[in-house]
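Work through these exercises with the sequence and the 3D view side by side. Try each task before you read its solution.

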Amino acid sequence: MNQGPDAAAEEPGEDTVRELAGLARDWAAAIIANDPALIADFMADDWVIVSASGIDPKEKFLSLVESGELTHSAMDLRTRPRVRVYGDTAVVTGRVTNTAHYRGERYDADEWTTDVFVKRDGRWRCVLSHITSAAPDITSAAPE
């Protein structure tokens with residue numbers, strides 16, 4: 001199978017779409033539980049998050065959760081996730097609203113998120129999460 005930069009996305013089967021969408025929901029539940037061990041179970045060792053503030057590694061994110069400096073009380077998927085599979089790599093994109101508390105201040109966010117998963121040892125693990133603020137008053141769904 002061609003895995004080069006021009007490799008086409010495979011049309012994922014419904015089972016794979018359900019598996020990855022379920023994984024995204026379960027990960028959101030772990031984040032709301034504010035449990036660093038549960039959250040880490042969805043991440044590869046080299047996971048990073050990309051946001052307006054730059055690139056942060058897994059260790060930083062989890063330490064903020066463990067210390068209680070970062071908590072989440074809500075995380076809701078607003079669109080059906082767009083799932084594309086490239087061999088052992090999957091890209092899951094959707095719109096999410098969430099409520100977080102960082103160092104005592106509340107933050108309500110409406111964001112487009114993209115998570116890149118890699119299948120290792122028969123299990124999907126996230127290697128990269130990217131968040132982008134959604135434009136106000138835009139209601140478009142993730143394209144199919």
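**Exercise 1. Decide whether threonine 113 is buried or exposed, then list its contacts.**

Step 1. Threonine 113 has a relative accessible area of 14%. Buried means under 20%, exposed over 50%, and partly exposed in between (1.4 Å probe, protein chains only). So threonine 113 is buried.

Step 2. Threonine 113 sits in strand S6 (residues 105–120). Helices (H or I, at least four residues) and strands (E, at least two) are DSSP runs, numbered from the N terminus.

Step 3. Leave aside neighbours within four places in sequence. Threonine 113 then touches Val92, Thr93, Gly94, Val96, His130 and Ile131. Contact means heavy atoms within 4.5 Å.

A note on the source: this is a predicted model, where local features need pLDDT of at least 70 and side-chain atom pairs count only at pLDDT 80 or more, while totals for chains, interfaces and linings use all residues. Residues are numbered from 1 along each chain as its sequence is written, and side-chain values use heavy atoms, with hydrogens and water left out.

**Exercise 2. Classify the ring pair of tryptophan 47 and phenylalanine 61.**

Step 1. Recall the rule. Rings of Phe, Tyr and Trp (its six-membered ring) pair if their centres lie within 6.5 Å; planes under 30 degrees apart count as stacked, over 60 as edge-to-face and the rest as tilted. The count by this rule is 4 aromatic pairs.

Step 2. Start with a comparison case. Tryptophan 27 and phenylalanine 42 are stacked, with 6.0 Å centre to centre and 15° between the planes. Tryptophan 27 is buried at 6% relative accessibility. Phenylalanine 42 is buried too, at 12%.

Step 3. Now the pair in question. The ring centres of tryptophan 47 and phenylalanine 61 are 5.5 Å apart and the planes stand at 65°, so this pair is edge-to-face. Tryptophan 47 lies in strand S1 and phenylalanine 61 in helix H3 (residues 58–67), so the pair ties together parts 14 residues apart in sequence.

Step 4. Widen the view. Trp27, Phe42, Trp47, Phe61 and Phe117 form one aromatic cluster.

**Exercise 3. Which residues of H3 are buried, and how are they arranged around the axis?**

Step 1. The buried residues of H3 are Lys58, Phe61, Leu62, Leu64 and Val65.

Step 2. Look down the axis of H3. These residues fall within an arc of 155° (taken from the directions from the helix axis to the C-beta atoms). They therefore line one face of the helix.

Step 3. Check the other side of H3. Glu59 and Glu66 are exposed there.

Step 4. Find the cover. It includes H2, S1, strand S2 (54–57), strand S3 (70–77) and strand S5 (89–102).
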